[in-house]
Amino acid sequence: DKVLGPEVSQPEVFDAVSDAVAGVMSGRSATIMAYGQTGSGKTHMIAGPIDLAASAAGDTRPDLQCEDRGLIPRALEAVFAQASGGERGVTDEDGYDQPAPLQRRLRVSFMEIYNE
């Protein structure tokens, strides 16, 4: 459990929950919840900045490449980077390719609940 102030950057927020994200690859379940009053920055912290012009046109996808991206893009990046690292095949000392030792099945979901 952590409480983070308004001055905390997106990378610092992710650092605060990175143990939970890493635990997923060890078979543990993880939940990250943002709670607060309207306008306090929960959506920004979870998703990252939204392009207002694109949003007005109906596109509400976050910018996944920006430095200020939120927890969801950062968590997915970490999980898939770790998952892909264990799926590469190896070459033995005789030069023969060996199959990857692990296969993983990942299921990810997120939701936003409004209770006005």
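Contact here means that heavy atoms lie within 4.5 Å. By that rule V13 touches L4, V8, M45 and L71, once residues up to four places away in sequence are set aside. The structure is a predicted model.

**Overall layout**

The chain contains 4 helices and 2 strands. Read from the N terminus, these elements follow the order α-α-α-α-β-β. The chain has 116 residues, of which 17% count as buried. Among contacts with a separation of 6 or more, 43% come from residues 24 or more positions apart.

In soluble globular proteins, nonpolar side chains tend to be buried together. The largest nonpolar core of this chain has 10 residues: V13, F14, V17, V21, M25, M45, L71, A75, V79 and A83. Helices α1 and α4 (71-85) each supply at least two residues of this core.

V13 is one of the core residues and is found in helix α1. Its relative accessible area is 7%, and because buried means under 20%, V13 counts as buried. V13 and G70 are 57 residues apart in sequence, yet their C-alpha atoms are 8.5 Å apart in space. Two of the residues that V13 touches, M45 and L71, also belong to the core.

**Q10 in helix α1**

Q10 lies in helix α1, which covers residues 10-24. Is Q10 buried or exposed? Q10 counts as buried, because its relative accessibility is 5%. A polar atom of the Q10 side chain lies 3.3 Å from the backbone oxygen of D68. Beyond its neighbours within four places in sequence, Q10 is in contact with H44, M45, G48, D68, R69, G70 and R74.

**R69 and its charged partner**

Side chains of opposite charge can pair when their charged atoms come close. Which residue forms a salt bridge with R69? The partner is E77, and the closest N and O atoms of the pair are 3.0 Å apart. The count of salt bridges comes to 1. The two side chains are also joined by a polar contact of 3.0 Å.

R69 counts as buried because its relative accessibility is 13%, under the 20% limit. E77 counts as partly exposed because its relative accessibility is 46%, a value between the limits of 20% and 50%.

The table lists the relative accessibility of the residues described so far.

| Residue | Relative accessibility | Class |
|---|---|---|
| Q10 | Q10: 5% | buried |
| V13 | V13: 7% | buried |
| R69 | R69: 13% | buried |
| E77 | E77: 46% | partly exposed |

**A nonpolar patch on the surface**

Some nonpolar side chains lie on the surface. F80, L106 and V108 form a nonpolar patch there, and together they have about 260 Å² of accessible area. V108 lies in the segment after β2, the strand at residues 97-98.

Definitions and conventions
Residues numbered from 1 in each chain as written. Predicted model: local features only at pLDDT ≥ 70, side-chain atom pairs only at ≥ 80, totals over all residues. Heavy atoms only, no water. Patch = residues over 30% accessible without salt bridge, like charges linked within 9 Å, V, L, I, M, F, W, Y side chains within 5 Å. Areas by Shrake-Rupley, 256 points an atom, 1.4 Å probe, with all protein chains shown as cover. Salt bridge = Lys/Arg side-chain N within 4 Å of Asp/Glu carboxyl O. Buried < 20%, exposed > 50% of the residue type's maximum accessible area, 1.4 Å probe, protein only. Polar contact = N/O pair within 3.5 Å; in protein donor to acceptor, adjacent residues only side chain to side chain. Core = buried A, V, L, I, M, F, W, Y, C linked by side-chain atoms within 4.5 Å.
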